[in-house]
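User: I am new to this structure and would like to learn how to read it. Please take me through the features one at a time.

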Amino acid sequence: MRAIFEQELGQVGEGLLQMARQVQAAVRDASTALETADLQLAEQVIAADDAIDSIERELDERCVTLLARQQPVATDLRVIVSGLRISASIERMGDLARHIAQVTRMRYPDQALPEQAREIFAELATAANGVAANVVALLESHDLELASAIEREDDVLDELHQRTFTTTLAPDWTGSVPQTVDVTLLARFYERFGDHAVSVAQRISYLVTGELDAPTD
């Protein structure tokens, strides 16, 4: 029975990694679509989110089944509960990538980003791509240095998010009202993407150390 239990736990980990890889592709493609006003790519991101949601549902069902059938001890319980929390965070990251793609689709054939905001969003995309890559690597390795890197990248996303307010409130801002709204929402999507990645990092840190508020650096 123990071998079966450990196999099923391993399948939970594999499912989380699969989700994270799909989210990594989603935020990369959503950012590219936003930058280039690529409607087809935006549509692909939106459609692909269903697969991420489906994996989350399967993982949740598997975790609930493990709780019901196996009566796990404390260490195993920590793994299962963390799996539930991590899957929810990764699923939300996928939703945020989809939101970015939906703005691109809504504004097509126009470019959603005015010229004055494009440099900041190029930096936001770079930071978000780094976060997503490190989430994948963290799930593969449980290396807490990667958890620290995710928190540092989230700080970058937070700073860039604040810079968008400075940009849109500046006297020389020439964006229309819809563009201003889009910039504000899009920056928030990237900022929240980083926040959910930090939640994943904290949960992995908890698995490794046994401390819920364990520092990652």
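User: What share of the contacts with a separation of 6 or more joins residues 24 or more positions apart?

Analyst: Contacts can be sorted by how far apart the two residues lie in the sequence. In this predicted model, residues 24 or more positions apart account for 84% of the contacts with a separation of 6 or more.

User: How many helices and strands are there in the protein chain?

Analyst: Start by listing the elements in sequence order. The protein chain has six helices and zero strands, and the pattern along the sequence is α-α-α-α-α-α. The radius of gyration is 19 Å, close to the 17 Å that the globule rule gives for 217 residues, so the chain is as compact as a globular protein of that length. The C-alpha trace spans about 65 × 35 × 20 Å along its principal axes. Of the 217 residues, 48% are buried.

User: How do I read the packing of two helices, and at what angle do α4 and α6 pack?

Analyst: Look at the angle, the distance between the axes and the handedness. Helix α4, residues 115-141, and helix α6, residues 177-209, pack at about 20 degrees with their axes 10 Å apart. Angles under 35 degrees count as roughly parallel, and α4 and α6 are therefore roughly parallel to each other. The crossing of α4 past α6 is left-handed.

User: Which residues in α4 and α6 meet?

Analyst: On the α4 side they include Phe121, Leu124, Val131 and Val135, and on the α6 side Ala187, Tyr190, Phe193 and Ala197. By class, the residues of this contact are 19 nonpolar, no polar and no charged.

User: At what angle do α3 and α6 pack?

Analyst: The angle between α3 and α6 is about 165 degrees, and their axes are 9 Å apart. Over 145 degrees counts as roughly antiparallel, and α3 and α6 are therefore roughly antiparallel to each other. Their crossing is left-handed. The contact of α3 with α6 has 19 nonpolar, five polar and seven charged residues.

User: Is Met93 buried or exposed?

Analyst: Relative accessible area answers that. Met93 lies in helix α3. Under 20% counts as buried, and Met93, with a relative accessible area of 2%, is buried. Leaving out residues up to four places away in sequence, Met93 touches Val23, Val131, Val135, Phe193, His196 and Ala197. Two of these partners, Val131 and Val135, belong to α4, and Phe193 and Ala197 belong to α6. Another pair shows how sequence and space can be read together: Met93 and Ala187 are 94 residues apart in sequence and 14 Å apart in space, C-alpha to C-alpha.

User: What should I look for in the backbone?

Analyst: Most residues other than glycine have a negative phi, and most peptide bonds are trans. Departures from that pattern can be picked out one by one. The peptide bond from Tyr108 to Pro109 is cis, with omega near 10 degrees. Pro109 sits in the loop between α3, residues 74-107, and α4.

User: Where is Ala37, and what is the phi of Ala37?

Analyst: Ala37 is in the loop between α1, residues 2-36, and α2, residues 39-70. The phi of Ala37 is near 55 degrees, which is positive in a residue other than glycine. At 17% relative accessibility, Ala37 counts as buried.

User: Where is His142?

Analyst: His142 is in the loop between α4 and α5, residues 144-169. The phi of His142 is positive, about 60 degrees, although His142 is not a glycine. At 36% relative accessibility, His142 counts as partly exposed.

Terms used: Residues are numbered from 1 along each chain as its sequence is written. This is a predicted model: local features need pLDDT of at least 70, side-chain atom pairs count only at pLDDT 80 or more; totals for chains, interfaces and linings use all residues. Side-chain values use heavy atoms; hydrogens and water are left out. Axes are lines fitted to C-alpha atoms, for helices over the stretch in contact, and angles run from 0 to 180 degrees between N-to-C directions. Helices (H or I, at least four residues) and strands (E, at least two) are DSSP runs, numbered from the N terminus. Angles under 35 degrees count as roughly parallel, over 145 as roughly antiparallel, 65 to 115 as roughly perpendicular and the rest as oblique. A crossing is left-handed if the near helix is turned anticlockwise from the far one by less than a right angle, and right-handed if clockwise. Contact means heavy atoms within 4.5 Å. Ala, Val, Leu, Ile, Met, Phe, Trp, Tyr, Cys and Pro count as nonpolar, Asp, Glu, Lys and Arg as charged, and the others, Gly among them, as polar. The radius of gyration is taken over C-alpha atoms; the globule rule is 2.2 Å times the number of residues to the power 0.38. Buried means under 20% relative accessible area, exposed over 50%, partly exposed in between (1.4 Å probe, protein chains only).
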